[in-house]
Amino acid sequence: MSAALRTVSRTIVTPVTIVLFVVSTVTGVMLLLRWQAGLVRFSHEWLSIGFSAIAVWHLVRNWTAFLQYFRRNLALGAFAVSLIASVVITGMTGAPSSNANPGAIFRALSASTLETAAPALGLTPTAAIQTLKTANIDAAASETLTQIGARAGMNGAGVASLLVTRQRRS
């Protein structure tokens, strides 16, 4: 690689690496503390992928130097201990994902009539109709949430969310 290309690579890669490291660290701490987790989860995951890609690029570019580190017992021991600790901590704190599928639940709820869905949302059908009427949405107990939502410019999940949100305020 030419000196100019090497300089450009370092000039670009170093600041990008610093930014991605800082963002990944901050959002990781936010996720750990469950502070604004919904807001930062997506960016944390994808920016961490970017950070990992740069790390792999760095590893490939400096492979000979990395091999030199592993000729030292202390470096090899530190690598092994950190790898084992990571696996143990993940095993102790990780949980398998649940089999719950919120999308399937909302689709089933959206296809249900208001009369059927209202009790699942903690409302009587009459209270659900009144709640929707307060939001300027006409509804009948025999209509599905999807039908009601289509008239109001939203989907069935939006109607369910509106019912739950309005009901909690009352």
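Where is Arg 34 found? Arg 34 is found in the loop between α1 and α2, and I shall return to that residue towards the end.

Good morning. The structure before us is a predicted model, in which local features need pLDDT of at least 70 and side-chain atom pairs count only at pLDDT 80 or more, while totals for chains, interfaces and linings use all residues. Residues are numbered from 1 along each chain as its sequence is written, and side-chain values use heavy atoms, with hydrogens and water left out.

Let me begin with the overall architecture. The chain has nine helices and zero strands. Helices (H or I, at least four residues) and strands (E, at least two) are DSSP runs, numbered from the N terminus. Of the 170 residues of the chain, 20% count as buried. Buried means under 20% relative accessible area, exposed means over 50%, and partly exposed lies in between, with a 1.4 Å probe and protein chains only. A contact means heavy atoms within 4.5 Å. Among the contacts in the chain with a separation of 6 or more, 55% are between residues 24 or more positions apart.

I turn now to the aromatic rings. The structure holds four aromatic pairs, and I shall present two of them. Rings of Phe, Tyr and Trp (its six-membered ring) pair if their centres lie within 6.5 Å; planes under 30 degrees apart count as stacked, over 60 as edge-to-face and the rest as tilted. The rings of Phe 21 and Phe 51 have centres 6.0 Å apart and planes at 45°, so this pair is tilted. Because Phe 21 lies in helix α1 (residues 3-32) and Phe 51 in helix α2 (residues 37-61), the pair ties together parts that are 30 residues apart in sequence. Phe 21 is partly exposed, at 47% relative accessible area, and Phe 51 is also partly exposed, at 25%.

The rings of Phe 66 and Tyr 69 have centres 6.4 Å apart and planes at 50°, so this pair too is tilted. Phe 66 and Tyr 69 are three residues apart in helix α3 (residues 63-69), which means that about one helical turn separates them. Phe 66 is partly exposed, with a relative accessibility of 24%, and Tyr 69 is partly exposed as well, at 45%.

On a 1 Å grid over the protein atoms alone, a cavity is a set of points where a 1.4 Å probe fits but cannot get out, and a pocket is an open set with protein on both sides within 12 Å along at least five of seven lines; lining residues have an atom within 4 Å of a point. About 220 Å³ of space lies in the largest pocket. Here grid points are joined across faces, edges and corners, and a volume is the space filled by probe spheres set on the points. The lining includes Phe 51, Trp 57, His 58 and Arg 61. Helices α1 and α2 each supply at least two residues of this lining, and the largest share, six residues, comes from α2.

Helix α2 also holds Ser 48. Ser 48 is buried, with a relative accessible area of 17%. Leaving aside residues up to four places away in sequence, Ser 48 touches Ser 24 and Ser 43.

Let us move to the largest nonpolar core. A nonpolar core is a set of buried Ala, Val, Leu, Ile, Met, Phe, Trp, Tyr and Cys residues joined through side-chain atoms within 4.5 Å. Of the 17 residues in the largest such core, Leu 114, Leu 132, Leu 145, Ile 148 and Leu 163 touch the most other members. At least two residues each come from α6 (114-120), α7 (125-134), α8 (145-152) and α9 (156-169), and α9 gives the most, with four. Not counting residues up to four places away in sequence, the residues that Leu 132 touches include Leu 114, Ile 148 and Leu 163.

In α8, Leu 145, Ile 148 and Gly 149 are buried. These three cover an arc of only 95° around the axis, and therefore lie on the same side of α8. The arc is that of the directions from the helix axis to the C-beta atoms.

Finally, the backbone. Most residues other than glycine have a negative phi. Arg 34, although not a glycine, has a positive phi of about 55°, and at 72% relative accessibility Arg 34 is exposed. Asn 136, in the loop between α7 and α8, has a positive phi near 65° and is exposed, at 73%.
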